[in-house]
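Here's a quick briefing to read with the model open beside you. Skim the lead, then pick the topics you care about.

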Amino acid sequence: MKGAVGAKTWRLEPETEFRLEVDFDQKVTVTLLEGLAEIFGTELALGVPYVFSGRKIAVFTWQGYGTPSVDYVAEETPMTSYLNTHVALDQMRQAAAMQGGNGPRVLLLGPPDVGKTTLAKILLSYAIRQQHQPLYVNLDPTEGSITMPRSLSATSLTHMLDVEEEFGSSATTAASLGSSIIPISYFYGHASPADNTKLYKILTSNLASAVRGKMAQDADARSSGIVIDGPGLVDSVGYEIIAHTMKEFEVNVVIVLGHERLFSDMVKNHSQQSDISVIKLSKSGGVVERDSEYREKLESREIHDYFYGTSRFELSPYSLLVNFDDLAIYQIGQSNMAPSSALPIGMDRHITETQITKIEPSYSLSHSILGLSNAERDEEAHLVSSNLAGFVYVSAVDEIKRKVTILSPAPGRLPKKYLIMGSFKWLEP
Ligand code: ADP
């Protein structure tokens with residue numbers, strides 16, 4: 001393989017990767033000149049310039065070409081073990097297709113920055129390349145992946161993932177692929193599952209039930225199975241959430257990356273269940289730790305792309321002026337509460353964790369991201385379990401005229417009556 005980066009041309013040997021870190025204020029173009037290469041499982045087209053900004057990526061080749069340049073080219077990659085995992089999952093999918101059963105339900109676990117999302121992308125891309133239609137479930141509220149950060153989502157993937165985007169925001173991906181990708185998303189509203197564990201678990205159960213519905217109707221989705229990008233919590237709340245997720249999604253393959261103790265605990269916890277495989281895979285040397293500044297920039301870009309699209313698929317959001325009296329905004333539970341596990345034994349957090357509170361519009365709404373709920377009435381259980389039609393952004397609040405300016409992907413008036421607020425603000429750059 002030959003690739004041109006800026007003014008340079010690189011040659012890669014088989015099973016090596018070229019690693020690239022591009023800042024948010026930089027742009028790097030990568031063009032494949034010869035051979036075959038992929039980025040996190042998605043193949044590059046020959047001669048097409050791909051532009052990257054604010055990304056940490058690896059261009060990998062199975063075949064290789066010529067002599068490698070030593071700088072930046074990594075020869076030690078865990079890609080063979082990732083490919084072997086895919087081959088084993090593929091056999092499960094083929095068996096499921098023949099028997100009309102369920103394909104693998106894979107859960108990726110490990111602390112933050114071990115390559116869970118990257119491995120999810122690789123496994124999903126390889127499955128799509130073999131004509132499967134896997135479901136991707138994102139349970140990491142710090143990553144927007146397919147929708148907005150702070151949400152939990154499930155998406156049916158039928159087309160190859162975009163090389164240039166992280167996972168592709170729902171709006172841009174939908175614009176580029178028609179309606180083939182429809183995420184089901186719930187607004188959790190907080191960064192950590194520990195912020196409101198009860199709500200997190202309810203939303204996970206709702207997603208699992210939506211996924212079961214999809215798998216019951218669609219034979220291809222059923223045999224293709226699901227890949228779940230788990231949250232990066234490995235403490236007691238994390239273990240409670242892992243057990244809940246495994247039960248709800250009937251997980252039968254657990255992959256642990258970069259955490260010995262978590263792996264041995266998972267092996268121990270499931271040693272009696274012969275139908276559950278627990279696998280340990282190495283963290284790639286290329287995985288980069290993202291500091292809080294990088295994460296903030298990433299989150300800000302994900303939100304920006306949700307409303308404005310990317311340079312290839314630009315979107316024009318609408319600015320709506322809405323009266324205070326026409327807004328029905330609810331908060332579910334309270335933000336920054338101690339997790340249930342921190343409460344004295346016997347004390348039930350049920351009521352406050354899912355209690356809905358109507359928010360009176362005021363300046364404090366400014367810069368909030370709000371979820372547009374599909375709920376039809378503001379009864380607590382119904383509102384908590386309703387999924388989202390999309391998101392809006394409060395760009396300005398005028399307390400004197402009692403009006404808010406809302407940025408919305410849809411024109412006219414607010415497409416849904418009930419709005420959900422989390423502890424989530426965005427300063428539009
Ligand atoms: P996690 O989901 O466990 O938090 P990610 O998969 O998001 O971790 O990886 C963290 C960062 O490292 C991401 O920016 C990702 O693009 C980058 N990364 C992962 N694997 C590689 C690699 N082989 N080479 C370069 N960057 C990588």
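A residue counts as buried if 20 or more other C-beta atoms lie within 10 Å of its own, as exposed if 12 or fewer do, and as partly exposed in between, with C-beta atoms placed from the backbone. On that basis, buried residues make up 44% of the 429 residues in the protein chain. Keep in mind that this is a predicted model: local features need pLDDT of at least 70, side-chain atom pairs count only at pLDDT 80 or more, and totals for chains, interfaces and linings use all residues. Residues are numbered from 1 along each chain as its sequence is written.

**Overall layout**

- The protein chain has 10 helices and 23 strands; these are DSSP runs numbered from the N terminus, with helices (H or I) of at least four residues and strands (E) of at least two.
- Among contacts in the protein chain with a separation of 6 or more, 75% link residues 24 or more positions apart; two residues are in contact if their C-beta atoms, placed from the backbone, lie within 7 Å.

**Domains**

- The domain assignment gives domain 1 (2-76), domain 2 (79-281) and domain 3 (317-337 + 350-425), with bounds that come from an automatic or database assignment.
- Where domain 1 and domain 2 touch, the contact takes 10 residues from domain 1 and 11 residues from domain 2.
- On the domain 1 side of that contact, strand S7 (residues 50-52) gives the largest share, 3 residues.
- That side of domain 1 divides into 7 nonpolar, 2 polar and 1 charged; Ala, Val, Leu, Ile, Met, Phe, Trp, Tyr, Cys and Pro count as nonpolar, Asp, Glu, Lys and Arg as charged, and the others, Gly among them, as polar.

**Around the ligand**

- The ligand is surrounded by 19 residues, and the closest are Ala58, Lys116, Thr117, Thr118 and Gly286; a residue is near a molecule if its C-beta atom, placed from the backbone, lies within 6 Å of it.
- By type, the shell splits into 6 nonpolar, 7 polar and 6 charged residues.
- Strand S3 (16-22), strand S8 (55-61) and H2 each supply at least two residues of the shell.
- Domain 1 and domain 2 each give the shell at least three residues.

**The annotated binding site**

- An unreviewed UniProt entry lists Glu17, Lys56, Asp113, Val114, Gly115, Lys116, Thr117 and Thr118 under "binding site"; UniProt positions follow the numbering used here, feature names are shortened, and annotations may be inferred rather than shown by experiment.
- Val114 sits in the loop between strand S10 (105-109) and helix H2 (116-129), and it is buried because 22 other C-beta atoms lie within 10 Å.
- Leaving out residues up to four places away in sequence, Val114 touches Leu257, Gly258, Lys283 and Val287.
- Thr117 lies in helix H2 and has 20 C-beta neighbours inside 10 Å, so it counts as buried.

**Helix H7**

- In helix H7 (residues 260-269), the buried residues are Leu262, Phe263 and Met266.
- Seen down the axis of H7, those buried residues fall within an arc of 100°, so they line one face of the helix; the arc is that of the directions from the helix axis to the C-beta atoms.
- The buried residues of H7 pack against S10, strand S15 (253-257) and strand S16 (277-281), while Glu260, Arg261 and Lys268 are exposed on the other side.

- Most residues other than glycine have a negative phi.
- Phe40 has a positive phi near 45°, in the loop between strand S5 (38-39) and strand S6 (42-43).
- Arg402 has a positive phi of about 55°, in the loop between strand S21 (388-398) and strand S22 (403-408).
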